[in-house]
Amino acid sequence: MTAPGEILHTGAADYPGLDNWRELPLTQQPDWRGHPDFDSSYEELSANPPLVFAGEVDKLKRRLAKVANGEAFLLQGGDCAETFDGVTADKISAKVKTILQMAVVLTYGASLPVVKMGRMAGQYAKPRSSDMETRGDVTLPSFRGEIVNGFDFTPESRIPDPKRMVEAYHKSAATLNLVRAFTEGGFADLRAVQQWNKGFMENPAHARYEQIAGEIDRAVRFMEACGAEFDGLKRTEFYAAHEALLLDYERALTRIDSRTGKPYVTSGHFVWIGERTRDLDGAHVDYLSRVQNPLGVKLGPSTTPETALALIDKLDPEREPGRLTFISRMGAANIREKLPPLVEAVRDSGAKVVWVTDPMHGNTITAKNGYKTRRFDDVMDEVRGFFEVHQAAGTYPGGLHVEMTGDDVAECLGGSDVIDESAFDARYESLVDPRLNHKQSLEMAFLVAEALTQVK
């Protein structure tokens, strides 16, 4: 007998339409169907327990409906591409701690509930601009994230290996286990809000955080002295999200909910379709249109209003609040010109989507010493532009989607504790795209909180 919200391990194989994507244009996938370990890896994934459950997914959708209605704010943050070696208690706790700190700043500064979501426990696949990479006289398959192949530029490393999907599943399970322990077991208790800042060097953002933490601490002590008990102070909800790029992985981890008989992707609570895979007639849009999870779609500067409306029709035909999130990634130079037509068209259609800004991907540059980087000022300019566009349109700027880490890396230029190119050789750790470090992330949270106070 199955409990309410439990997801059956069987049944997804025969669900109508779930395999239609196999006959549609499919991009950004490794060539591994003929690999001797593909079938066994796929079958193992298909038999494994779900990583998340339908009840959790439905709860997130309700939270996102509040965001769509302007009653909450969505914070998504985490690695550009997770690594298997990064699945350690210290690294996971540092990321969770940073997101919690950012959420505290946003909640306190804007007096809004914050839906907290990590680019974690599944963000192992990455789209690439080319299938192959050439260095000198050697050409090998591009690195597509550790769920597909290795970063080292050798033939052995770069051969796509389907067994990596199974390893990614187990790493994701370990990550989710730690995240749940941290957020439900006292780590997220607001009575320890000042403890989250320990171990980090002082800078202006941290000094401001200490001030807020002190004010929260006094407020909590006052409530305790009055005999008030609030369960929400002791634990928090934290959701896992990733780009649903690798459809073999997502299909193998799709399960049928015993309550409703409908399919859910159980690799994460929230999944999104990238800028390179949002083809209206493509496999990614078709497959994700058939599952019940809340979905995101990245919208770059080439997106037209007609495309945005067609995506709504495909992915949210019932116009269900919380179902669809548009994540704009325009670039600071484009945001004020390219985003307004999309926002206005969606507004005028009556559709209720969540609007989120990804200020990272449209602002990537190459530093003089060859590293991919982003200027913190460009990132923040795109955030400001996002708020300006929504204020002018009378719509709600519902969230922030950032590539960040809780570690003291040097990958993005600038910030109040200035990072310059000279620091890259010693402290650049990302395998793909540059991330904000802990200090830059916290500084961004303060700037976003200030912008949110101007909303409505």
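Predicted model: local features only at pLDDT ≥ 70, side-chain atom pairs only at ≥ 80, totals over all residues.
**Helix α11.** I began with α11, which runs over residues 376-393, and found that its 18 residues reach 26 Å from the first C-alpha to the last, close to the 26 Å expected at 1.5 Å a residue. I then looked up burial along α11, where the buried residues include Phe376, Val379, Met380, Phe386, Phe387 and Ala393. After the helix I came to Gly394, whose phi is positive, near 75°.

**Its contact with α10.** I next turned to helix α10, residues 335-349, whose axis comes within 9 Å of that of α11 and crosses it at roughly 40°. I noted the crossing as right-handed. Among the residues making this contact I listed Ile335, Leu339 and Arg347 of α10, and Glu382, Phe386 and His390 of α11. Sorted by class, the contact has seven nonpolar, two polar and seven charged residues.

**Aromatic pairs.** I looked up the ring pairs and found ten in the structure. For Phe326 and Trp355 I recorded centres 5.4 Å apart and planes at 55°, so this pair is tilted. The pair links distant parts of the chain, since Phe326 lies in strand β11 and Trp355 in strand β12, 29 residues apart. I checked their burial too: Phe326 is buried at 0% relative accessibility, and Trp355 is buried at 5%.

Phe386 is buried with a relative accessible area of 0%, while Phe387 counts as buried at 9%. Last, I noted that ring pairs link Trp32, Phe38 and Tyr42 into a cluster.

Conventions:
Residues numbered from 1 in each chain as written. Heavy atoms only, no water. Helix = DSSP H or I, 4+ residues; strand = E, 2+ residues; numbered from the N terminus. Expected span 1.5 Å × (residues − 1). Buried < 20%, exposed > 50% of the residue type's maximum accessible area, 1.4 Å probe, protein only. Axes fitted to C-alpha atoms, helices over the stretch in contact; angles between N-to-C directions. Left-handed = near helix turned anticlockwise from the far one by under 90°. Contact = heavy atoms within 4.5 Å. Nonpolar A, V, L, I, M, F, W, Y, C, P; charged D, E, K, R; others polar. Phe/Tyr/Trp six-rings, centres within 6.5 Å; stacked < 30°, edge-to-face > 60°.
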